[in-house]
Amino acid sequence: PLTPVPAAARGPRMSVVEHVREMAAAGLHSNVRLLSGLLLTMSGNNPELFSPSQKYQLLVYHADSLFHDKEYRNAVSKYTMALQQKKALSKTSKVRPSTGNAASTPQSQCLPSEIEVKYKMAECYTMLKQDKDAIAILDGIPSRQRTPKINMMLANLYKKAGQERSSVTSYKEVLRQCPLALDAILGLLSLSVKGAEVASMTINIIQSIPNLDWLSVWIKAYAFVHTGDNTRAINTICSLEKKSLLRDNVDLLGSLADLYFRAGDNKNSILKFEQAQMLDPYLIKGMDVYGYLLAREGRLEDVENLGCRLFNISDQHAEPWVVSGCHSFYSKRYSRALYLGAKAIQLNSNSVQALLLKGAALRNMGRVQEAIIHFREAIRLAPCRLDCYEGLIECYLASNSIREAMVMANNVYKTLGANAQTLTLLATVCLEDPVTQEKAKTLLDKALTQRPDYIKAVVKKAELLSREQKYEDGIALLRNALANQSDCVLHRILGDFLVAVNEYQEAMDQYSIALSLDPNDQKSLEGLQKMEKEESPTDATQEEDVDDMEGSGEEGDLEGSDSEAAQWADQEQWFGMQ
């Protein structure tokens with residue numbers, strides 16, 4: 001950026017174009033827009049008024065002011081005109097002196113950079129979601145003339161377009177020029193470049209600058225993140241976080257929260273999100289996952305408050321819309337959840353949480369094929385996140401495509417390794433087919449040996465025991481799981497099992513505990529109401545439907561497929577939230 005020169009020091013011979021340039025350098029965008037617009041009209045009416053170089057400058061400054069006003073299409077058209085003007089300019093070797101600027105000063109030759117103009121055009125195209133045009137304009141810049149920000153933008157665009165090799169080359173070029181570009185490092189790791197190779201590109205800078213020894217550990221941690229090795233990623237980030245100089249870093253806490261979430265440890269995930277939020281009350285990143293976790297736990301009031309707070313911080317990010325959508329989804333208002341999810345995707349097409357929200361809403365509205373498209377896109381963006389695969393498999397099971405579900409579950413099991421989550425996911429599909437019941441049992445036992453506290457595995461094992469009518473075993477399993485944690489679904493299923501063995505009083509207690517944890521849990525409410533009706537033991541014929549125990553809080557029933565769809569399409573009253 002140019003530093004404005006005080007008027008007294010400039011002398012009397014400044015041209016009007018130089019005044020425009022100085023205002024642009026001073027950030028007076030609205031003033032530049034008005035004046036340059038008038039001067040360009042004058043130039044159109046009298047081509048002799050300004051030299052080709054002055055006209056080029058006016059077009060660039062005018063386009064910059066349009067860009068600042070977010071008028072991207074208009075800005076692109078003016079930048080294009082400026083580049084055409086520049087082409088004409090380079091053909092004429094001599095620059096004609098213009099009226100009002102007889103003495104062409106060296107200052108008047110400080111022309112805006114053509115490469116900068118192309119970068120701004122690419123920015124406009126990305127804002128207009130025209131990525132191909134953005135790539136085309138940046139591709140046209142010779143490699144040796146590309147600045148780090150051009151390489152960074154190209155790397156991100158190539159990655160989005162699936163051109164992985166080109167993306168890797170561009171990220172490496174960024175690191176060659178700026179070895180501490182951490183986002184470029186994350187970009188390379190996300191494209192499966194080995195951690196050791198990435199670390200080797202930063203080794204010289206680590207050795208030459210004091211207090212940077214943590215960087216190699218940081219790279220190692222995120223290499224584990226991108227290979228889906230959650231346990232080692234958590235341990236490595238924890239070791240970084242314990243180092244006094246990086247203690248209480250919001251980014252590291254956010255990464256930890258996300259990793260605990262991916263590992264299925266929701267309790268620790270919520271804890272880390274809360275820590276990060278206390279350190280930075282304006283934090284937006286990751287709050288969509290936090291809101292989702294709170295909603296799953298039935299803390300809808302907290303979710304509503306979080307949504308309102310995030311909207312006050314920014315309504316231009318996907319996260320507030322996703323949080324509000326989670327509130328709607330778990331209140332069984334699926335069409336509203338769908339609308340809010342779509343709005344979030346509009347703001348950020350890479351928001352995995354928004355895609356999952358929209359997919360789940362579509363699934364619960366019976367639009368399974370549309371839901372499948374959204375889950376597949378989420379998998380493409382986050383191949384290491386198990387919840388994306390869970391959503392897709394639920395869709396296959398909902399449409400009785402058990403074969404596709406089995407292929408997908410086996411695939412996940414092979415790709416992400418045999419851990420409690422993948423074993424449980426595979427077992428969930430095996431439970432759907434009588435032929436594979438025994439296999440499901442083995443898989444669940446393996447999962448529970450690895451992690452006795454993994455709620456989804458406990459729920460599925462309880463479902464299996466219920467089918468076999470082994471209620472006493474089920475009660476022992478659930479009591480054991482509840483010894484160290486409290487969970488609405490587990491208390492409710494324990495209530496169902498206690499009813500089956502005629503322990504009515506304790507069953508009522510369990511339903512009450514479940515409802516205290518999630519007042520919206522319909523099945524616990526039904527269980528409690530049934531118990532209250534059946535005060536006389538003669539009526540207690542155990543018609544409890546203990547088969548239907550999938551309720552991981554994930555699937556709302558379709559009963560509330562509300563008639564709000566048209567209302568949400570036409571009205572925006574929800575903008576201020578509830």
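This report describes the fold, helix packing, aromatic contacts and selected residues of a predicted model.

## Basis and overall fold

Because the model is predicted, local features need pLDDT of at least 70 and side-chain atom pairs count only at pLDDT 80 or more, whereas totals for chains, interfaces and linings use all residues. Residues are numbered from 1 along each chain as its sequence is written, and side-chain values use heavy atoms, with hydrogens and water left out.

The protein holds 32 helices and zero strands, where helices (H or I, at least four residues) and strands (E, at least two) are DSSP runs numbered from the N terminus. Of its 578 residues, 49% count as buried; buried means under 20% relative accessible area, exposed over 50% and partly exposed in between, with a 1.4 Å probe and protein chains only. Among contacts (heavy atoms within 4.5 Å) with a separation of 6 or more, 56% come from residues 24 or more positions apart.

## Annotated repeats and a helix pair

In the model, residues 352-385 are 79% helix and 0% strand, with end C-alpha atoms 9 Å apart. Residues 488-521 are likewise 79% helix and 0% strand, and their end C-alpha atoms lie 8 Å apart.

The axes of helix H30 (residues 504-517) and helix H31 (residues 522-533) come within 9 Å and cross at roughly 150°, the axes being lines fitted to C-alpha atoms, for helices over the stretch in contact, with angles from 0 to 180 degrees between N-to-C directions. On the H30 side, the contact is made by Tyr-504, Met-508, Tyr-511, Ser-512, Ala-514 and Leu-515, and on the H31 side by Ser-524, Leu-525, Gly-527, Leu-528, Met-531 and Glu-532.

## Aromatic rings

The structure contains eight aromatic pairs, in which rings of Phe, Tyr and Trp (its six-membered ring) have centres within 6.5 Å; planes under 30 degrees apart count as stacked, over 60 as edge-to-face and the rest as tilted. One of these is the tilted pair of Trp-218 and Tyr-222, at 4.7 Å centre to centre and with 50° between the planes. Both residues lie in helix H13 (residues 214-226), four residues apart, about one turn of the helix. Trp-218 is buried at a relative accessible area of 10%, and Tyr-222 is buried at 8%.

Elsewhere, Phe-329, Tyr-330 and Tyr-334 form one aromatic cluster.

Leu-310, in helix H18 (residues 300-313), is buried at 0% relative accessibility. Not counting residues up to four places away in sequence, Leu-310 touches Leu-283, Ile-284, Met-287, Glu-319, Pro-320 and Val-323. The C-alpha atoms of Leu-310 and Leu-283, 27 residues apart along the chain, are separated by 8.4 Å.

Most residues other than glycine have a negative phi. Ser-192, however, has a positive phi near 65°; it is found in the loop between helix H10 (182-190) and helix H11 (195-200) and counts as exposed at 62% relative accessibility. Asn-400 also has a positive phi, near 60°, and is found in the loop between helix H23 (386-398) and helix H24 (402-416), where its relative accessibility of 65% counts as exposed.
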